Amino acid sequence: MTIDYAEKIPNNVNLSGDRTLQRALEHWQPHFLEWWQGMGPTDFQNSDVYLRTAVSVDAEGWAQYGAVKMPDYRWGIFLADAVPDRRIGFGDSMGQPVWQQIPGEYRSTLRRLIVTQGDTEPASVEQQRLLGHTCPSLYDLRNLFQVNVEEGRHLWAMVYLLHAYFGRDGREEAEELLARHSGDADKPRILTTFNEPVSDWLSFYCFTYFTDRDGKYQLKSLAESSFDPLSRTCRFMLTEEAHHMFVGETGIGRVVKRTLEVMKELGSDDPAALRRAGVVDLPLLQKYLNFWCSSSLDLFGSEISSNAAASFANGLKGRPDEERYEDHVLREAKFRIESPDGKGGLNTEEIPMLNALNEVMRESYLKDCEIGLKRWNRQIERAGYDLRLSLPSPHFRRSIGAWVGQPVTPEGKIIPQQEYARRVSDWLPTEADRAYVQSLMQKVAQPGKMAAWVAAPDRGINNLPVEYEYVHLS
Ligand code: BYC
Ligand code: FE
Ligand code: FE
């Protein structure tokens, strides 16, 4: 189904047929644009950026590429095509027809899920707003802006649901999505990771690798929802999400590649020598991986969660790729879970699977995270070095759930608090590490040129050469 671009708000939901909704969204639109100008990428608003814009929701040929000034980006409302006779795929009402309207008893829970999802999208744009000034290349600058405009569109996607299905409450929530700000002392964003600054490009690559991947998993689980408009909205958002994670995976891969080149030139893997040479030594990269992975693991919520149990049983939020599983009701299933006993040991308990669904999802997320690690480690192995990058244990540095404040190593070993305090600077970026990374962040803006700490990508965007002028600065 193609998208109607003639309308003020591009859409494929026949907005012109629903005057009330159209008016509500047209009222919100200038607030969004004000937010974009005030809280979105600083400067660059008059630059021509080679962006992709969704023009259809068909899996093939859904996007069009061309030079666009960001404020002119056609943000709009696009739902994946309806699946005829779609049935509820999990929970206690499995097999019944999906809902086109929200059952009254689930209204507040669904609103909370949609608001939480919606809150992350503009939060990420705010976190990344200064990065343009230190871009390592025009290719990267374009990718940053591509991610930013699409997160802006994901906000539109959730605002559409709030306006269309939640009446006045929904309109108020939509305004609040523009009023909370990442890192704000009084009105912060809802979830932890979205209040962390993303002030250098190494963090940006890690964020798009780990945090956008949480987005993938949460969107997949909401795509299973019995509330069909939510499902269709999330299914289309997932099409855009793949590129965000691509930016992260290839970004980190390019950092590794460049560091290995310099290691070879110097004939050394000494971090001090590598820092003098102006690249990211691999132990430093490992600290950034530890930081962003552990932060993103918090986004799955507590290991034991009655919210997750109720959302699943009621058909609001499923597991990612629900069809992979055999049991879709989970009234009998159990899950063994480990928690710290407070004395340096572990408690193992068996809990109802329904209550463990956040943990189940976190586990599948971590498996997905391994894919990039394998690629980067292959690069290191081929270069003849023994070091291997790894993911931290899900018990390391948690700020949500059973492991909060526990002294656990990245390998998952519980150690005495004092030892933890002594060794934590080996595992997480220190002030000095961050200052060093910041010192590498110098803007490179000639077509085809790359900053010295990152290798060029293997190929450009949409079959264009890497040297293409992806952003025409004005
Ligand atoms: N930070 O039972 P619990 C994306 C709260 S990323 C702060 O443990 P539950 C994107 C929780 O809200 C995807 N608070 O967890 C990526 C609850 O509070 P209330 C975002 C947290 O409810 C990059 C209390 O703790 N989408 O799209 O089962 C760029 C107890 O909750 C945190 C979604 O998250 C935290 N980390 O699950 C751009 C999907 N964790 O209600 C975009 C929608 C938990 O008692 N959200 N809490 O006040 C959800 O499905 C669930 O809200 C969560 C939490 C998975 C986040
Ligand atoms: Fe998003
Ligand atoms: Fe994303």
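User: Which residues does G278 touch, not counting residues up to four places away in sequence?
Analyst: This is a predicted model, in which local features need pLDDT of at least 70, side-chain atom pairs count only at pLDDT 80 or more, and totals for chains, interfaces and linings use all residues. Residues are numbered from 1 along each chain as its sequence is written, while chains are lettered from A and ligands numbered from 1 in the order in which they are written. G278 is found in the loop between helix 7 (271-276) and helix 8 (282-297), where helices (H or I, at least four residues) and strands (E, at least two) are DSSP runs numbered from the N terminus. Leaving out residues up to four places away in sequence, and taking contact as C-beta atoms, placed from the backbone, within 7 Å, G278 touches L440, A452 and W453.

User: Is G278 buried, exposed or partly exposed?
Analyst: A residue is buried if 20 or more other C-beta atoms (placed from the backbone) lie within 10 Å of its own, exposed if 12 or fewer, and partly exposed in between. G278 has 15 C-beta neighbours inside 10 Å, and therefore counts as partly exposed.

User: How far apart are G278 and A179 in space, C-alpha to C-alpha?
Analyst: Along the sequence, G278 and A179 are 99 residues apart. Between their C-alpha atoms, the separation in space is 40 Å.

User: With which residues is T409 in contact, leaving aside its neighbours within four places in sequence?
Analyst: T409 lies in the loop between helix 10 (357-382) and helix 11 (417-427). With 19 other C-beta atoms within 10 Å, T409 is partly exposed. Once its neighbours within four places in sequence are set aside, the residues in contact with T409 are F396 and I415.

User: Which helix gives the most to the shell around ligand 1?
Analyst: The ligand is surrounded by 25 residues (C-beta atom, placed from the backbone, within 6 Å of it), and the closest are G215, G301, S302, S305 and N307. The elements that give two or more residues to this shell are helix 2 (107-127), helix 5 (201-223) and helix 9 (306-313). Six residues come from the element that gives the most, which is helix 2.

User: How many residues of the shell around ligand 1 are polar?
Analyst: In this classification Ala, Val, Leu, Ile, Met, Phe, Trp, Tyr, Cys and Pro count as nonpolar, Asp, Glu, Lys and Arg as charged, and the others, Gly among them, as polar. The shell around ligand 1 has six nonpolar and six charged residues, and the number of polar residues is 13.

User: Are helix 1 and helix 4 roughly parallel or antiparallel to each other?
Analyst: Helix 1 (residues 19-39) and helix 4 (residues 167-179) have axes 10 Å apart that make an angle of about 10°, the axes being lines fitted to C-alpha atoms over the stretch in contact, with angles from 0 to 180 degrees between N-to-C directions. A24, W28, H31, F32 and W35 of helix 1 meet R171, A174, E175 and L178 of helix 4, and by class this contact has six nonpolar, one polar and two charged residues. Angles under 35 degrees count as roughly parallel, over 145 as roughly antiparallel, 65 to 115 as roughly perpendicular and the rest as oblique. Helix 1 and helix 4 are therefore roughly parallel.

User: Which residues of helix 4 make the contact with helix 3?
Analyst: The axes of helix 3 and helix 4 come within 7 Å and cross at roughly 155°, which makes the two helices roughly antiparallel. Helix 3 contributes L155, V159, L162, H163 and Y165, and the residues of helix 4 are G170, R171, E173, A174 and L177.

User: Which strands stand at the edges of the open sheet?
Analyst: Three strands form this sheet in the order 2-1-5 with antiparallel pairing, where two strands pair if DSSP finds at least two bridges between them. Seven bridges join strand 1 (residues 48-54) to strand 2, and two join strand 1 to strand 5. Each edge strand has a single partner, so one side of each is left without a neighbour in the sheet; these are strand 2 (63-69) and strand 5 (471-472).

User: Which residue in the turn between strand 3 and strand 4 has a positive phi?
Analyst: Strand 3 (residues 334-340) and strand 4 (residues 346-352) run antiparallel and are joined by seven bridges, with E338 opposite T348. The two strands form a hairpin with five residues between them, and the turn residue with a positive phi, of about 85°, is G342.

How values were computed: Two residues are in contact if their C-beta atoms, placed from the backbone, lie within 7 Å.
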